[in-house]
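Dear colleague,

Please find below the structure that I am handing over to you.

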Amino acid sequence: MASASRVAFIVLGIAVVGWATITMLVPRLTNPPVAHVLIHENVYLTSETYEKQFSLQLLKGERISIEISGNGKIFDMWFARESPSQTLVEQLDIPLYNSQLTIPADGTYLLRVSTYVGEVQVTVLVTKL
């Protein structure tokens with residue numbers, strides 16, 4: 001008799017854990033969390049409009065992903081804290097930039113893309129991870 005109740009208790013415990021797992025995981029599997037998009041823009045740079053700057057309000061410790069493509073052409077990219085001024089990334093003459101960064105302090109951050117050579121269509125995607 002004791003072994004039958006022990007088996008029933010174990011089966012009931014497994015059933016409860018299974019039910020809790022399914023009810024918590026199924027919503028995440030069917031609707032996975034999506035990265036929060038901060039910037040998603042196509043920018044057309046020319047000799048007249050050779051630069052585009054974006055401003056972001058970010059908090060210390062936040063992780064962001066920056067993906068920029070010149071669609072086969074080169075561009076310059078600069079990412080910095082506005083005040084006090086602190087350059088975090090500066091890349092010159094690149095066709096593609098893809099990196100993840102951890103924000104060092106609360107504040108306004110500036111992301112700039114530019115070109116001084118011809119016309120470039122730049123795709124900018126910044127997401128909060």
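Lys-52 and Glu-41 form a salt bridge through their side chains, with 3.8 Å from N to O; the term stands for a side-chain nitrogen of Lys or Arg within 4 Å of a carboxyl oxygen of Asp or Glu. The two residues are 11 residues apart and belong to distant parts of the chain, Lys-52 to strand E2 (residues 51-58) and Glu-41 to strand E1 (residues 36-45). Strands (E, at least two residues) are DSSP runs, numbered from the N terminus.

Please note that this is a predicted model, in which local features need pLDDT of at least 70 and side-chain atom pairs count only at pLDDT 80 or more, while totals for chains, interfaces and linings use all residues. Residues are numbered from 1 along each chain as its sequence is written, and side-chain values use heavy atoms, with hydrogens and water left out.

As to accessibility, buried means under 20% relative accessible area, exposed over 50%, and partly exposed in between (1.4 Å probe, protein chains only). Lys-52 is partly exposed at 30% relative accessibility, and Glu-41 is partly exposed at 32%.

By the rule above, the count of salt bridges is three. Another of them joins Arg-112 to Glu-51, with 3.9 Å between the closest N and O atoms. Because Arg-112 is in strand E7 (residues 107-114) and Glu-51 is in strand E2, this pair ties together parts that are 61 residues apart in sequence. Arg-112 has a relative accessibility of 23% and counts as partly exposed; Glu-51, at 38%, is also partly exposed.

A further salt bridge is that of Lys-128 with Glu-62, whose closest N and O atoms are 3.0 Å apart. Lys-128 is in strand E8 (residues 120-128) and Glu-62 is in the loop between E2 and strand E3 (63-69), so parts that are 66 residues apart in sequence are tied together.

E8 pairs with E1 in the antiparallel sense over nine bridges, and Leu-125 in E8 is the bridge partner of His-40. E8 also pairs with E3, again antiparallel, over six bridges; here Thr-127 in E8 is the bridge partner of Ser-65.

Yours sincerely

Technical notes. Helices (H or I, at least four residues) and strands (E, at least two) are DSSP runs, numbered from the N terminus. Two strands pair if DSSP finds at least two bridges between them.
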